[in-house]
Amino acid sequence: MVVTVIVVVIAVGLLVLVGMHVGPHGSIVTASIGMGAGVLLTLMLSHSHSSLAAILWSLVVLLFVAVIAVGLAGVRGLRSTQYHSKEAVPGLVKLLDSAGVATSRLDPIGTIQIAGKGWSAENDSDDPIEIGTTVFVTRIDGLKLHVIPEAPQGANRKETS
């Protein structure tokens, strides 16, 4: 029985490491399996009268602490990933159709400045946009603004109200 407890603790410990490496879902699955193994070990040890029972109980307690920590890390990881979608971040929508100035050459990626704040931007036009060119935001992808250069004089640009 002592060997069984040690093998299960080592297996769950390795599973914890793998689960943390895989990501939030892996951490939650690992925590679930670890809890099941911890319950099994608790039942095994409750019927044991071995002189090593005190040491084995400390291993099981350590196992429970590690599994709970990994499960909480997995839940936290899942909660934080919901904010990293490719959709526009709420509040950035107001930047749509805003004018800014290219602070680096956009060929196709670069930086722009709108209202004194720097933004990562991607050029949606065919030609590079040079530093100092006025640009307009056409769409938002996560935290990246997609821009086009200001229309040349005489060209009609669609006005929005």
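Val12 counts as buried, at 5% relative accessibility, where buried denotes under 20% relative accessible area, exposed over 50%, and partly exposed the range in between (1.4 Å probe, protein chains only). The model is predicted, so that local features require pLDDT of at least 70 and side-chain atom pairs count only at pLDDT 80 or more, whereas totals for chains, interfaces and linings use all residues. Residues are numbered from 1 along each chain as its sequence is written, and side-chain values use heavy atoms, with hydrogens and water left out.

Val12 is placed in helix α1, residues 2-22; helices (H or I, at least four residues) and strands (E, at least two) are DSSP runs numbered from the N terminus. Not counting residues up to four places away in sequence, Val12 touches Gly34, Ala37, Leu63 and Val67, a contact being heavy atoms within 4.5 Å. Between Val12 and Gly38, 26 residues apart in sequence, the C-alpha to C-alpha separation is 9.0 Å.

Confidence in the prediction is expressed as pLDDT, the predictor's confidence in each residue from 0 to 100. The protein chain has a mean pLDDT of 79, and 85% of its residues reach 70 or more. Residues 157-161 have pLDDT below 50, and this stretch has three contacts in the model beyond near neighbours in sequence. Where pLDDT is low, the predicted coordinates should not be read in detail.

Five strands form a closed barrel in the order β1-β2-β3-β5-β4, with mixed pairing; two strands pair if DSSP finds at least two bridges between them. From one strand to the next the twist averages 55°, with axes taken as lines fitted to C-alpha atoms, for helices over the stretch in contact, and angles running from 0 to 180 degrees between N-to-C directions. Strand β3 (residues 117-123) and β5 run parallel and are joined by three bridges.

Within this pairing, Glu122 stands opposite His146 in β5. His146 lies in strand β5, residues 144-149, and counts as buried with 3% relative accessibility. The side chains of His146 and Asp124 are joined by a polar contact of 3.0 Å, defined as a pair of N or O atoms within 3.5 Å; within protein, one must be able to donate a hydrogen and the other to accept it, and residues adjacent in sequence count only if both atoms are side-chain atoms. Residues up to four places away in sequence aside, His146 touches Glu122, Asp124, Phe136, Val137, Thr138, Arg139 and Asp141.

Salt bridges require a side-chain nitrogen of Lys or Arg within 4 Å of a carboxyl oxygen of Asp or Glu, and by this rule the count comes to four. One of them joins the side chains of Glu122 and Lys144 (3.7 Å, N to O). This pair links distant parts of the chain, with Glu122 in strand β3 and Lys144 in strand β5, 22 residues apart. Glu122 is partly exposed at 23% relative accessibility, and Lys144 is partly exposed at 26%.

Salt bridges that share partners also join Arg105, Asp107 and Glu130 into one network. The side chain of Arg105 meets that of Asp107 at 3.0 Å, N to O, and that of Glu130 at 2.9 Å, N to O. Because Arg105 lies in the loop between β1 (99-102) and β2 (109-114) and Glu130 in the loop between β3 and β4 (134-141), the pair ties together parts that are 25 residues apart in sequence. Arg105 is partly exposed, with a relative accessible area of 41%; Asp107 is partly exposed at 46%, and Glu130 is partly exposed at 39%.
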